[in-house]
Amino acid sequence: SSVCGRRYLPFVSRMAGAVAVAMHRQRTMEQREARKQFTEDQLRMNRYFTKYDKSNEGTINKDELRALLKDLNDGVDATDDEVHWVMESADKSKTGDLSFGELKIAVCTFKTYQRSKPFIDSVMAKYDEHKTGRLEFGDLKKMLTDISGAEPSDEAVADVLERFGTKAKEKLKSEGDGSQTPHDSPEDGIPTTQTVHAISYWYTHPNAARHEEEELERAASNKGQVAAAGKSGSVCGGCSVC
């Protein structure tokens, strides 16, 4: 047995060496591909800046961003909500314009939104009763009811609206004792750009009611659609630019 062991050791050593070489080659290939992708991304951003920085100020303003988003959207104008949301998401320096690095965030953000659009459109088609392009209070309440299988309180619905910049809680207090549903108002609604975020937020909300097994299964199915619409972990969820 000792003789067999001595014969086996060189074989193991050769195998370990071969594995190490293969892993090194794999890492080298991945690093080379990453450098190539980074270079391509930088060149793409340079082209965007050259084409859309009409004011030659070294930044992209809102009108210039609108023109860029139109081209990324196959010639279809981006809505005011979409332009505002992309600008707000990417403008980390809060200057009102986008730097070179911020433009990359803007492009990634919009591409993620585009991938989510079929899911968002299906949600809006079902729940946007007044066809305003926003989920108003009543629309949102119906959607959250379908997701969780039980009707949420007005306060819980208002909390989801409040999360995305509206003053729904304040209106609940001013219009009633907390049990009265406030009037639907487009300006208070959740825009299409925030639909996926609102649904994701509801899954972590303490008042999201989930009681019966079939309701849980339905919620899990809806949650799967949200996950497919836009994955977390990076700004864009893995677009070619990032």
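Tutor: A nonpolar core is a set of buried Ala, Val, Leu, Ile, Met, Phe, Trp, Tyr and Cys residues joined through side-chain atoms within 4.5 Å, where buried means under 20% relative accessible area, with a 1.4 Å probe and protein chains only. This is a predicted model, in which local features need pLDDT of at least 70 and side-chain atom pairs count only at pLDDT 80 or more. Residues are numbered from 1 along each chain, and side-chain values use heavy atoms, leaving out hydrogens and water.

Student: Which residues touch the most other members of the largest nonpolar core?

Tutor: Among its 44 residues, these are L65, L103 and M143. Helix 4 (100-127) is one of the helices that each supply at least two residues, and helix 4 gives the most, with ten residues.

Student: What makes helix 8 largely enclosed by the rest of the structure?

Tutor: Helices here are DSSP runs of H or I with at least four residues, numbered from the N terminus. Seven of the nine residues of helix 8 (residues 195-203) are buried, so the rest of the structure largely encloses helix 8; the buried residues include I199, W202 and Y203.

Student: Why are helix 5 and helix 8 called oblique to each other?

Tutor: Angles under 35 degrees count as roughly parallel, over 145 as roughly antiparallel, 65 to 115 as roughly perpendicular and the rest as oblique. Helix 5 and helix 8 pack at an angle of about 50°, and they are therefore oblique.

Student: Which residues meet where helix 5 packs on helix 8?

Tutor: With contact meaning heavy atoms within 4.5 Å, M143, L144, I147 and S148 in helix 5 meet I199, W202 and Y203 in helix 8.

Notes:
Buried < 20%, exposed > 50% of the residue type's maximum accessible area, 1.4 Å probe, protein only. Axes fitted to C-alpha atoms, helices over the stretch in contact; angles between N-to-C directions.
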